[in-house]
Amino acid sequence: MDGLPFWKMHGLGNDFVVLDARERPIAIEPDQARRIADRHRGVGFDQLLVIEPAQTEGADVFMRILNADGTESGACGNGTRCVAALVMADGGAETLVVETVTGLLECRKAPEGGVTVDMGPARLGWQDIPLAHEADTLHLPVSSGALSDAVGVSMGNPHAVFFVPDAEKVQIDGVGPVLEHDPLFPERANIGVVQMLARDRLRYRVWERGVGVTQACGSGACAAAVAAVRRGLAERTAWVELDGGTLLIEWRESDGHVLMTGPAETSFAGILSRDLLDG
C-alpha cells in the first residue's frame with residue numbers, strides 16, 4: 001500500500017501516532033493531522049509524534065509534536081517516553097537524548113520496561129509560562145465555577161494547576177475549555193486539578209490544550225507535583241495518579257530539573273493510506 005508506516009503507542013492511555021522521518025522528510029499539515037486524529041475515520045491520537053534527525057549537537061533525535069487539533073506543542077512527557085523506548089529498542093541503547101522545540105530531554109531505560117525522562121527545569125516566572133501580564137504564578141488570578149487560585153508552571157508548555165478537595169467531582173470537560181482560553185494565557189494552557197491523597201501521592205486529572213480530556217499527561221503530572229511542592233503540600237518525590245495509571249515524579253532540589261518515570265507501550269503498527277493523508 002502506498003502510504004506512511006506508523007506506530008500506535010501510549011503512555012498510560014495518553015495515545016500517539018508515531019512517524020519515523022529520520023530517513024526521509026515527512027511533512028504533516030494541520031488538516032492531515034486532524035484527519036489522522038479522528039477516532040472514527042482515522043487512527044485516533046492525542047498527539048502525533050514525528051521522529052526527525054537531531055538538529056543540535058548532543059541530541060540523538062528530534063521529536064515534533066502535533067496536537068489532535070493540528071496545532072504544534074513544545075512538550076509531551078508521555079510521548080517522549082514512547083519515542084525514547086522505540087528508538088532505544090531499535091538501536092539497542094540504554095540512554096537517548098530527545099530534542100524538542102523547547103530543549104533537550106535526557107532519557108534512560110527504567111525497570112520493568114519503563115523510561116525515565118529528565119524533563120528539564122520547571123519554569124516558574126510569569127514570562128516563562130507565559131502569562132499575558134505580570135502576576136504571581138503561585139496564585140494565578142483565574143477562575144471558573146468552583147475552581148480558583150491556580151499555580152502556574154511551564155514544563156515547556158503552559159500549565160494551570162488547581163487544588164481541589166475531590167478531583168473526581170470536577171467536571172473537567174466543562175471548565176477545561178473555558179480556562180484553556182482565558183485571556184491570561186496568550187498561548188492557551190493545560191488545565192489540571194489535583195487532590196492531595198498524601199504528601200507523596202497526588203490524584204491528577206487534566207484537560208490538555210488542543211486535545212481535550214486525556215487519560216494521562218506527563219508534563220501535567222510534572223507540573224502538578226511542582227505546584228504541590230511550591231504550596232508546601234508534597235515532598236519532592238511523589239506518585240501522581242492519573243486516569244490511565246501512575247507516574248513517579250521527582251523535582252530535584254540540586255538543579256530544579258523534573259524527572260518523570262513511567263511505562264511506554266506499543267499497541268500496533270500499520271500504514272496511513274493515501275486516501276487518509278490526501279483527504
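How many cavities of 30 Å³ or more does a search of the whole structure find?

## Cavity

The search finds one. This is a predicted model. The volume of the largest cavity is about 80 Å³. Rolling a probe the size of a water molecule over the atoms shows where empty space is left.

The lining of the largest cavity comprises 14 residues. Nearest its centre lie Gln47, Ser73, Ala75, Asn157 and Glu208. What is the make-up of the lining by residue class? Nine of the lining residues are polar, three are nonpolar and two are charged.

Two of the residues nearest the centre fall within strands. Gln47 belongs to the range of β3, residues 47-53. Ser73 belongs to the range of β5, residues 72-73.

Strand β4 spans residues 61-67. Is it mostly covered or mostly open? Mostly covered: of its seven residues, six are buried.

β4 pairs with β3, β5 and β6. With β3 (residues 47-53) the run is antiparallel, and seven bridges join the two. Within that pairing, Leu49 has Ile65 of β4 as its bridge partner.

With β6 (residues 95-100) the run is parallel, and the bridges number two. Here Phe62 is bridged to Glu99 of β6. With β5 (residues 72-73) the run is antiparallel again, also through two bridges. Leu66 has its bridge partner in Glu72 of β5.

## The β4–β5 hairpin

β4 and β5 form a hairpin. How many residues lie between the strands? There are four. In this hairpin Gly70 adopts a positive phi, near 95 degrees.

## Cysteines without disulfides

The structure holds zero disulfides. The cut-off for a disulfide is 2.5 Å between the sulfur atoms. Cys82 is also buried, at a relative accessible area of 0%.

Cys107 is a further case. The closest cysteine sulfur to its own is that of Cys82, 11 Å away, so the pair is too far apart for a bond. Cys107 has 4% relative accessibility and therefore counts as buried.

Key: Residues numbered from 1 in each chain as written. Predicted model: local features only at pLDDT ≥ 70, side-chain atom pairs only at ≥ 80, totals over all residues. Heavy atoms only, no water. Buried < 20%, exposed > 50% of the residue type's maximum accessible area, 1.4 Å probe, protein only. Pairing = 2+ DSSP bridges. 1 Å grid on protein atoms, 1.4 Å probe; cavity = no way out; pocket = protein on both sides within 12 Å on 5 of 7 lines; lining within 4 Å. Points joined across faces, edges and corners; volume = space filled by probe spheres on them. Nonpolar A, V, L, I, M, F, W, Y, C, P; charged D, E, K, R; others polar.
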